[in-house]
Structure formats: C-alpha cells, structure tokens
Amino acid sequence: MATKLSRRSFIKLGAAAAAGGLAGGLTPQQSQGMGTPPNLLPTGPITQVKGFCPFCQVRCTYHAQVQDGRVVSLVGDPGNRWTGGAMCPKGMSIVELIGSPSRLTEPMLKVNGEWKKISYAEAVDLVAEKVAAAMKEYGPKINEHVALTMPLWDCRENELAALMTMRLIGCVNNMPAGEVCISSASNTLSWFLGANTSTTTVNEVLNAHTLILWGANINELYPPYTRWLEMARDKGVRIIYIDCRKTRSSIWSNEQYMPRPGTDGALAFGLIRHVIETGAYDPALVERTTTGFDELRDDCKDYTPERVSELTGLPVEQILTLCKAVEVSPSILWLGGSLSRYTNGIQTIRALISLQGITGNLIGSGRGIMTMEGGKPEGEKEFVDAMCGEAQAQGVNFRRLLALMKKGSLDVLFLNSSYRRYPDTKGVREALKKVKFIVHRGFFMEPETEACDLFIPATFSPESSGSHYGAEKQVVWRNKAVDAPGACVPDWQFYRDLGRKLFPDRYPKWEDPAELYELFRKTIPS
Ligand code: SF4
C-alpha cells in the first residue's frame, strides 16, 4: 500500500504518536516498516563487542554492551592509547540512533509522490536496471550520467566496495564527503608534504616547547584529545591558541589571539616575514629541505607588524609577541579544520606549512604539523585499478556535477552525503529535481530522503564489521555486535550486491569485510 509521507508530516505524526498513540494500533514508523521502539527492558546477560566510532578521525574505540540482541551502551576502551577510554557525546549517540523509533528500516520507492515499501532485492534490481539502461544509452560517456556523493563511510570496506562498483560502471564522479569542509587542508598537505596527514603524532605535544592551536578548537571538536592538552599544560608546554572566538579550548591555553575571521593567512605571512628578516631560521636546513624560499621572502616582505595589525585587527604588541614565540623550537602547529573553510584556505595552510618548514619544525621530536583533517592511508585507487582496471575518464568536482544536474543530464545519482553541506543549498535542491533517478542510503526521513526516488536503509557501525583508520595512522577493526533491523544493510553489502548484479563475471570475489580487508592488504602491502 502506498502512503504519502513528507518530513513535515512525519514529524507531526511522530509528535502525535508520542502524545497519545495512534488509532489502529500502528505507529507511523511501523506502518512504514520503520524501527520498532524498544519498549522492553533487557534482562539477558551482557556481552561486550569491540568496535570504533566512525564519526571522526580520533577514531575512539569502544566496547559495545550487548544485551538481548540490542546495544544498550558503549563503554570507551581504556586501552586506547590516544583517547584513554574517552568518547564524546556524538559517538555515544550511536546507542540512541541505532534504537531510534524514527529509524527507517525498509526500502521505499517513490511512486507518483507516494512512498511504496519494496524489498531489498527489488531495490537492488531496480538500481541495476536504471544503471544498465544508462550504460546502454551513453556507452563510453556514462561518466557524465551517473555519480555518487560519498557519505562519511563507517568503514573502509564500504568505500572500497562502492568504488569498485562505480569503476566497473565507468563512473569516476565520486564526491568525497569532505569536498567542502576539509579539502583545502588535506589537498595542501598532499601537494606540499606528499601525504594528507599530520607530520607527527599527538603524544609529541609533550615534547614541544610551544604548541600552537591555530583555529583548532580541540576541546569542543575532539574532546578525547583534551587529555593531551592537559598533559602538555601540566608539563609546562606553552599553548598558544589562535581563534577568532573564545571556546572551551581557550581554557586549556596559556594565551589566545583573536584575529578577524579569514585573516589567518596575513598573520602567518607576518610571522614568516619576521623569521626571515631576523634570521631566525637555519639557512642550511632551508637550502636542503625547501624550494621557493626567495619567492616566499618576496611574497611576505610587505607584511610588517603594522600592516598585519590593520588586516587582522590584532594590536601590534600581540603580533610581536607571536613573532617572538615562533622563534623558539621545538614547536607543533595544530591546524584547525576551520582554516579550510575560507576562500583563502589553501594559501593560508600553505603559509603555515612554510612557517613550520623554515623554522625546522616540520618533523622531529616535539615538532610537526597536527591535523585531524587527513590521515587517510593511500592505496585505494591502486587497489581499484588492480581489481577493476584503470579509470577511463576524469572525475568532476561538485560544481561541475551541479552543472550536469542543472542541465538534466544526470540519470542516476547515489546521494549518500547530505547535500545541505554545500553552499547554495537551494540551488542544489532545485538541481536535484532534474536528476532522473536518485538513490539515497540513510537512516531517517531527512531532506535527502525526501529528495530521492528510492530509499535503501543503511546500518550503524555496531551492525557490521569492518576496518578504519585514525588521525594517528592507526588501523582499527570492529566486529559486528548486533543484527540490523528490518532490511537495513551496510554499504559494502549494497554496493557488492549491485556490482555482482551488473557485472556477475567481473566484480571481484569477496564475501564480507574481513575478506575484502585481506584482499586489500595482499594487493596493496603497506
Ligand atoms: S571524538 Fe570522534 S571518534 Fe571519538 S566519539 Fe567523538 S566523534 Fe567519535
């Protein structure tokens, strides 16, 4: 039976159900095949299953407490060297999300504006049919007609499975979730240092003389790492915080400087100028390890303390204090994600890398650049090349993808991440209306669900095994703790099933994340 259900009506119905129950005995969630509210207190024995939080690269590990087939709580893993067993509220919310009565647990197809429940097998068949039709129609030009926006994959095997399917389809338009929010930092680190990751590990802050948190609000964004700030402060490390607003990280710092938003690059140029003008660098090291030093000197020469003061709004005395601070080594500079979100993000991060480079603080004990924005191990492109053959086309960025959508030339879009993250959300919403078929994998009735033609419910991390990586370049593994409700399936399963359906002879042979992990490990030895 088809049922009309918008997000607005869904919320209203949810409120009505919460207020007094619904006539007919079924909640709106049940009528849509959604999660059944857990209404019985668990009584059975508790087992513990080790896992990790997929929501950020601190990658906290936990022990899921499982009782009567349900995750009843997550306990941070005290054996985790980096977190000491802490987790933040976002990670802890997995327990609430996984058992939420609002969770959608069955595939739904939109037919004439109304939702119709279908089976998972029917959903996979339908997607395969749409993709096969597009492949037949466009042949080698398929890349302009199928695209995927990546979610924050909850394990690496999800991503590998999807990339293999997309590669066989002939589509390389796979938009990473961080294209808007972190790509300045990760790309700049890759371009200038050869890897999109920190050049140190967080424990090294204890060996630094100075730790500069540049736009890095560690306490609020990565709470488990606050312990490192605390230990550093107790050890006498000078913690300098540069951020245009007061945050909880201010409490953990010895001093804070508050430049105007978006003027961090000017401040960095002023500091570089000071280092060069006063000779507070090792010329032999600069000669040996850097290129373009003379150009850097020219670029920075006009950034006097007075000019930097005008641009940043910081008093000259504060700029001079910072100039003195960067003369002292060893130092670690912690890049905040916010630096990526200005239009001058790349140049700002480039300047900060240069500052650490010319002062000899890129690598070594108590030296380095910390970032929570990169850290992804290399190798997936090589792996997908080895498994499925090299890509026959170039991927496009989101702006070009948007142009394709606006033109109405996109036939199938795997809409996994939130389109609300992109600037011009309205424009994206309108463009989505011109996509012929949108598949969304998600959990709840959200704008992306409303925008799609086919919804296929996904799983939360305790419902599937898999591996991941963290900011300290650690690899973690989790075991499946509980079965997913209804027809929710992990991403690796959906993309594997779709790949097998479309390319029964060509899709690489593996059954589960453990096998895929092994396949990757053997193909791309570290
Ligand atoms: S700090 Fe990051 S990894 Fe840890 S619980 Fe929070 S979101 Fe998850």
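On a 1 Å grid over the protein atoms alone, a cavity is a set of points where a 1.4 Å probe fits but cannot get out, whereas a pocket is an open set with protein on both sides within 12 Å along at least five of seven lines, and lining residues are those with an atom within 4 Å of a point. Grid points are joined across faces, edges and corners, and a volume is the space filled by probe spheres set on the points.

This tour is of a predicted model, in which local features need pLDDT of at least 70 and side-chain atom pairs count only at pLDDT 80 or more, while totals for chains, interfaces and linings use all residues. Residues are numbered from 1 along each chain as its sequence is written, and side-chain values use heavy atoms, with hydrogens and water left out.

**Stop 1: colour by confidence**

Begin by colouring the chain by pLDDT, which is the predictor's confidence in each residue, from 0 to 100. The chain averages 89, and 90% of the residues score at least 70. Then select residues 1-5, where the pLDDT is below 50 and where the model has 14 contacts beyond near neighbours in sequence, a contact meaning heavy atoms within 4.5 Å. Residues 7-37 also have a pLDDT below 50, and this stretch makes 45 contacts in the model beyond near neighbours in sequence.

**Stop 2: the cavities**

The whole structure holds three cavities of 30 Å³ or more. To find the largest, which has a volume of about 80 Å³, select Cys53, Cys56, Cys60, Cys88 and Gly91, the closest to its centre of the 14 residues that line this cavity. Its lining divides into 11 nonpolar, one polar and two charged residues; here Ala, Val, Leu, Ile, Met, Phe, Trp, Tyr, Cys and Pro count as nonpolar, Asp, Glu, Lys and Arg as charged, and the others, Gly among them, as polar.

**Stop 3: the second largest pocket**

Next, select Phe192, Thr290, Thr291, Ile353 and Ser354, which are the closest to the centre of the second largest pocket among its 25 lining residues. About 720 Å³ of space lies in this pocket. Which helix gives the largest share of its lining? That helix is H16, with eight residues. If you select helix H7 (183-193), helix H12 (283-289), helix H13 (293-300) and helix H16 (345-358), you will have elements that each supply at least two lining residues; helices (H or I, at least four residues) and strands (E, at least two) are DSSP runs, numbered from the N terminus. By class, this lining has 11 nonpolar, 11 polar and three charged residues.

**Stop 4: the nonpolar cores**

A nonpolar core is a set of buried Ala, Val, Leu, Ile, Met, Phe, Trp, Tyr and Cys residues joined through side-chain atoms within 4.5 Å. Buried means under 20% relative accessible area, exposed means over 50%, and partly exposed lies in between (1.4 Å probe, protein chains only). In soluble globular proteins, nonpolar side chains tend to be buried together.

Select Val127, Phe414, Leu454 and Phe494, which touch the most other members of the largest core, a set of 49 residues. Helix H5 (residues 120-138) gives the largest share of this core, nine residues. Centre the view on Val127 and, leaving aside neighbours within four places in sequence, look for its contacts with Phe414, Val439, Leu454, Ile456, Phe494 and Leu498. There is also a second, separate core of 39 residues, which includes Val49, Val58, Ile98 and Leu213.

**Stop 5**

Ile94, in helix H4 (residues 94-98), counts as buried because its relative accessibility is 1%. Beyond neighbours within four places in sequence, Ile94 is in contact with Pro54, Phe55, Leu74, Ser461 and Pro462.

Not counting residues up to four places away in sequence, Val475 touches His468, Tyr469 and Tyr517.

**Stop 6: backbone details in loops**

Finally, select Ser329 and Pro330, whose joining peptide bond is cis, with omega near 0°. Pro330 lies in the loop between helix H15 (316-325) and strand E11 (331-335).

Asp68, in the loop between strand E2 (61-67) and strand E3 (70-76), is not a glycine but has a positive phi, near 50°. Asn112, in the loop between strand E4 (108-111) and strand E5 (114-117), also is not a glycine and has a positive phi of about 50°. Is each of these residues exposed or partly exposed? Asp68 is partly exposed, at 45% relative accessibility, and Asn112 is exposed, with a relative accessible area of 77%.
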